[in-house]
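Hi there,

Here is the structure I promised to pass on. Please have a look, and my notes follow below.

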Amino acid sequence: MIEGSLKKDGTFMNNETKIRTLTQKQKIISMLRAAGINGVTNVDLSEVALRYNARIQELYVEGYRIGVNDLAGGLTKYILIKEPETKRSKPEKALDILIDNIKENYNNNISTEQLIEELQASNFTVRRRNRSFC
């Protein structure tokens, strides 16, 4: 039997995947620390993890500040700007925050213009789920 856990989105993450992603994140943060102001390119990061952007996003969520510089030819440089004093936990879901704000500020009745304003004020974006083409 494969051991693991069910994620909030209903998908299963086995223990091997958990260890691999944690190790990838640790390697990436080590690379960023070692590179200092010279930064690390997306080419270097892709050697550690094909989904290095997911690991970078996890670091953002934990409170790491990482600068991103777009260079010529599709090259991107990532520079560690600041590490958190204490790592943050995963934030509340944007949808839950948006729903609460609509209930509280608009009495469950919001116009298109107000929704756009609320999304902008909350710094939220709307995107499709992966593998969704409708």
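Here is what I found in it.

A word on the basis: this is a predicted model, in which local features need pLDDT of at least 70 and side-chain atom pairs count only at pLDDT 80 or more, while totals for chains, interfaces and linings use all residues. Residues are numbered from 1 along each chain as its sequence is written, and side-chain values use heavy atoms, with hydrogens and water left out.

The protein has five helices and five strands, both taken as DSSP runs numbered from the N terminus (helices H or I, at least four residues; strands E, at least two). From the N terminus, their order is β-β-α-β-α-α-β-β-α-α.

Three strands form an open antiparallel sheet in the order 3-5-4. Strand 3 (40-41) and strand 4 (65-70) are at the edges with a single partner strand each, so one side of each has no neighbour in the sheet. Pairing here requires at least two DSSP bridges between two strands; strand 4 and strand 5 (residues 76-82) are joined by six. Within that pair, Val68 has Tyr78 as its bridge partner.

Helix 4 (residues 94-106) contains Asn101. The Asn101 side chain makes a polar contact of 2.9 Å with that of Glu118 (a pair of N or O atoms within 3.5 Å; within protein, one must be able to donate a hydrogen and the other to accept it, and residues adjacent in sequence count only if both atoms are side-chain atoms).

Finally, 25% of the 134 residues count as buried, meaning under 20% relative accessible area (1.4 Å probe, protein chains only).

Best wishes

Technical notes:
Buried < 20%, exposed > 50% of the residue type's maximum accessible area, 1.4 Å probe, protein only.
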